[in-house]
Amino acid sequence: MLRITPEEIAETLTMVTQQHLDIRTVTLGLSLGGCAADDIATVAARVYDKVSSAAERLVPVAEAIEREYGIPIINKRIAVSAISELVHGKGHDLTPIAVAMDRAAREVGVDFIGGFSALVHKGIGAGDKMLMDSIPAALASTERVCSSVNVASTRAGINMDAVLRMAEIIGETAALTAARDSIGCAKLVVFCNMVENNPFMAGAVHGSGEADAVINVGISGPGVVRAVVESLPQDADLTAVAEAIKATSFKITRAGELVAREAARRLGVERGIVDLSLAPTPAEGDSVAAIIEAIGVKRCGGPGTTTALALLNDAVKKGGAMGTSSIGGLSGAFIPVSEDANMVRAVRDGALTLEKLEAMTSVCSVGLDMIAIPGDTAVETVATIMSDVCAIGVINSKTTAARLIPAAGKRPGDTVDYGGLLGAAPVMDVSPWAGTVLARRGGRFPAPLNSLRN
Amino acid sequence: MQTKAILSVLGEDRVGIVAAVSTALAQSSTNIEDIRQTILSGVFSMTMLVTVDEDKTTFEDVQERLADVAESLGMQITLQREDVFRFMHRI
């Protein structure tokens, strides 16, 4: 007997065909334990063998699930252990390891592989230094490799030396990939409170506390949430708005939970987490900014934006919490400018500024994301934009991150264009009043009082 | 393995839709367990609960046969495993 009503079936089909419901990513987390060696060429060869064999079935399995359940899975990805942990010695260029990761990713058919990463929130070790120094060349000579560096945590504070060094590295990466609108920077994230099971790029890294192989799933569905909010009467109060978002989030999360279970079962690996982040795409209507505008803000970035975003973020979590018992990853709305058509429009209209995006960071996930700034922005300015984002994360015990693109040769109002999911963005104005002296002081922003919780 | 699935058909009403769909199902060892069908302002809408016998055929093969029917009828036909609806609409 049909236990599902035709209306419910029609609702699911409409979500997929008209409102962009999809699973944003099925990410295989892989431990690279056993790949460490003294010699970089050996590490690279072991990493290649490990990734290409362990992830061989990922894409066909995800494609079969997509077909059988009728829900698109947009990205299939791989996150590996932080590469800095595999290397010893001094002064080596780690680009060959990135090239090996890239080759393995291409071979198994994933679009991105994350984990060219280091955690330096307390101090920079020898392996970390080699990794950081290798980032510009690694990102310039690969297509699919993503890099991330954790420079701050609530327990440790902010490593300001690492922040300044990362600002330099971002600049070098921008210059080395200048011919392609500095695309290297779109694959590089600087984190505060990085998580161990994030399925989303560019920040996915397989944490040291994880099992050998794990499936993590990132849900999506801004288009579905927007459609639901738009269908409410104009005079619906905010409790009704939150309720509608919550109910929708439950359904979206259930789709993610089902895919996570099925993918893990078919691949014979551990089921990890479902990440409840609403992730926009450049497709018209599949936009977090459009939800904020549907809630009732004239343009994303205008007064009321932080309120609407906070309500959205909270309601998504409440609905999602009923949909899965394995919430994890970042689980907060994403606000990547270039990947969200309404955000791009808001920037062009002058409604959305860097400062407002920073405020929005405090109530959602991964704030200053995919933001193009002028190529001649001073390194100290880039550093202090990032340290501001870190300060929000450290004090509020949350993950924050910056993916800034100082686009080589570009000025405010110019555009960077990457196509595909990375989208296109206008180059934004940067305040000329940066904390240059602050950035150069270096040292460590001490762990805050709220880190003393024992 | 017996896999329950939901088949949805949507499009302009015409002669032979049920015949074409059920023939394709019969040819691919897929049993019809329940059917609901309506026509609203000329739009034909049918929902079926079916069981795919995966010992005799593959899910993909049934989907491909139905895609051929969809193309010849000029209608939208989807076949999805039933659990996706149970997961999304039931606690």
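How many helices and strands does the secondary structure of chain B come to? I looked this up in what is a predicted model, and I found three helices and four strands in chain B. Reading from the N terminus on, I wrote down the order of the elements of chain B as β-α-β-β-α-β-α.

I then checked the overall dimensions of chain B, whose radius of gyration is 13 Å; because this is close to the 12 Å that the globule rule gives for 91 residues, I noted chain B as being as compact as a globular protein of that length. Taken along the principal axes, the box that the C-alpha atoms of chain B fill is roughly 35 × 35 × 20 Å. Of the 91 residues in chain B, 32% are buried, and among the contacts with a separation of 6 or more, 67% are between residues 24 or more positions apart.

Next entry, helix packing in chain A. I looked at helix α9 (residues 288–295) and helix α10 (residues 305–323) of chain A, which pack at an angle of about 110 degrees with their axes 9 Å apart. Since angles of 65 to 115 degrees count as roughly perpendicular, I recorded α9(A) and α10(A) as roughly perpendicular to each other. On the side of α9(A) the contact is made by A:Ile291, A:Ile292 and A:Ile295, and on the side of α10(A) by A:Thr305, A:Ala308, A:Leu309, A:Leu311 and A:Leu312. Sorted by class, this contact has seven nonpolar residues, one polar residue and no charged ones.

Next entry, a strand pair in chain A. I found strand β11 (residues 415–419) of chain A paired with β12(A) in the antiparallel sense over four bridges, with A:Thr415 standing opposite A:Pro426. The two strands form a hairpin with three residues between them, and A:Gly420 in the turn has a positive phi of about 60 degrees.

Last entry, a single residue. Is A:Ala391 buried, exposed or partly exposed? I placed A:Ala391 in helix α13 (residues 379–395) of chain A, and I counted A:Ala391 as partly exposed because 19 other C-beta atoms lie within 10 Å, while a residue needs 20 or more to be buried. The C-alpha atom of A:Ala391 is separated by 21 Å from that of A:Ala372, 19 residues apart along the chain.

Terms used. Residues numbered from 1 in each chain as written. Chains lettered and ligands numbered in written order. Predicted model: local features only at pLDDT ≥ 70, side-chain atom pairs only at ≥ 80, totals over all residues. Buried ≥ 20, exposed ≤ 12 C-beta atoms within 10 Å, placed from the backbone. Rg over C-alpha atoms; globule rule 2.2 N^0.38 Å. Contact = placed C-beta atoms within 7 Å. Pairing = 2+ DSSP bridges. Axes fitted to C-alpha atoms, helices over the stretch in contact; angles between N-to-C directions. Parallel < 35°, antiparallel > 145°, perpendicular 65-115°, else oblique. Nonpolar A, V, L, I, M, F, W, Y, C, P; charged D, E, K, R; others polar.
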